[in-house]
Amino acid sequence: MLFEITKQSERGTPDSIVARLTVQPIEILNHTNLSAVDQAKFVQLSVSELLPRLQRCSEIEQRLRKEAGERRSQFKPPRRGDVSVEIPQIPNLKAECENFLYEAKNYLRDLLKLVNLLWGTQYEDASEWVQGKKGRPSVQDFIVDKFGEGHVNARFIRQYKACVEPFVLMRNAVEHPKPTELVIKNFTREGTELREATWGIERDGKPEYGPLPIVEDMACGVRNLLVLAEDMLVMAAQANLAAPGLVAVQAIPEQDRKAECPVKYRIRPTAAVLQDIARQ
């Protein structure tokens with residue numbers, strides 16, 4: 001099947017996010033028995049909705065990393081006898097954090113559209129990944145029930161409560177600041193050391209999440225959000241392979257991925273098929 005994709009990014013397929021949210025689903029879905037209509041819908045959602053949101057998250061993280069590095073280098077520890085010390089600050093930190101959380105939460109909401117497409121569900125809210133609503137089980141529980149508690153898909157999806165829920169909760173704390181509050185702290189000083197900017201959630205003044213270094217937590221979030229989308233793709237492909245037993249979805253070790261298009265998964269002949277070929 002030939003897909004038409006409008007150009008959404010200047011970063012191109014050498015960028016891991018672009019490769020894994022555009023080329024990867026196209027190549028994998030071509031080996032499934034999903035209808036051409038559903039394949040096109042899946043790719044369109046991945047390219048037009050997930051990709052721009054995750055890129056914006058990545059751009060915010062990279063921008064803050066650069067700003068933090070520059071400001072950190074300006075810090076001069078106080079010396080004996082100094083009467084003042086200048087603490088550098090990352091500019092626009094609060095706005096950048098809130099924008100990151102907005103994009104992350106809506107990425108999770110948009111990803112639910114793929115879940116609904118694949119399994120005929122009616123999920124709507126980003127929090128439904130880990131919390132049931134309106135009589136529906138959470139996505140996590142739905143997938144566990146569908147595949148079975150001992151299935152690899154169940155083990156994968158169970159990990160995501162800790163990985164993605166904090167970003168939804170932090171964004172909710174921005175939109176509804178009671179009873180929880182998003183607490184963002186810029187660079188601070190402890191003795192002669194500059195302490196990293198942190199964020200977290202407090203409830204009635206008590207920590208409920210974090211505080212964690214903002215830039216590293218964002219970077220971790222971008223990775224986890226990308227992997228979650230890939231897991232949905234792989235789950236769908238494994239259940240709908242056009243030639244099960246002959247081909248399988250296989251992960252490519254990071255060191256073996258092509259620099260010009262570093263996708264993580266490809267469809268490959270199974271080990272049994274390769275053995276048959278070798279014996280011929």
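Colleague: How many bridges pair strand β4 with β5?
Modeller: This is a predicted model, in which local features need pLDDT of at least 70, side-chain atom pairs count only at pLDDT 80 or more, and totals for chains, interfaces and linings use all residues. Residues are numbered from 1 along each chain as its sequence is written, and side-chain values use heavy atoms, with hydrogens and water left out. Helices (H or I, at least four residues) and strands (E, at least two) are DSSP runs numbered from the N terminus, and strands pair if DSSP finds at least two bridges between them. For β4 (residues 198-203) and β5, the pairing is antiparallel and the bridge count is 5.

Colleague: Which residue is the bridge partner of T198 in β5?
Modeller: Let's walk along the two strands. R203 sits opposite K206, and W199 faces L212. T198 has as its partner P213.

Colleague: What is the phi of D204, in the turn of that hairpin?
Modeller: β4 and β5 make a hairpin with 2 residues between them. D204 belongs to that turn, and its phi is positive, at about 55°.

Colleague: Which strands stand at the edges of the sheet?
Modeller: The open sheet has 3 strands in the order β1-β4-β5, paired antiparallel. On the β1 side, 6 bridges link β1 to β4, with E181 opposite E202. Two strands have a single partner each, so one side of each lacks a neighbour in the sheet: β1 (180-185) and β5 (206-213).

Colleague: What angle does the direction of α7 make with that of β5?
Modeller: α7 packs on the sheet and touches β1, β4 and β5, where contact means heavy atoms within 4.5 Å. Angles here run from 0 to 180 degrees between N-to-C directions, with axes fitted to C-alpha atoms, for helices over the stretch in contact. Between α7 and β5 the angle is about 90°.

Colleague: How do α3 and α7 run relative to each other, roughly parallel or roughly antiparallel?
Modeller: Helix α3 (residues 93-119) and helix α7 (residues 214-239) pack at about 10°, with axes 11 Å apart. The cut-offs are under 35 degrees for roughly parallel, over 145 for roughly antiparallel, 65 to 115 for roughly perpendicular, and oblique for the rest. So α3 and α7 are roughly parallel.

Colleague: How many charged residues does the contact of α3 with α7 have?
Modeller: The residues in contact include F100, Y107 and W119 of α3 and M218, L225 and M232 of α7. Ala, Val, Leu, Ile, Met, Phe, Trp, Tyr, Cys and Pro count as nonpolar, Asp, Glu, Lys and Arg as charged, and the others, Gly among them, as polar. The contact has 20 nonpolar residues, no polar ones, and a charged count of 1.
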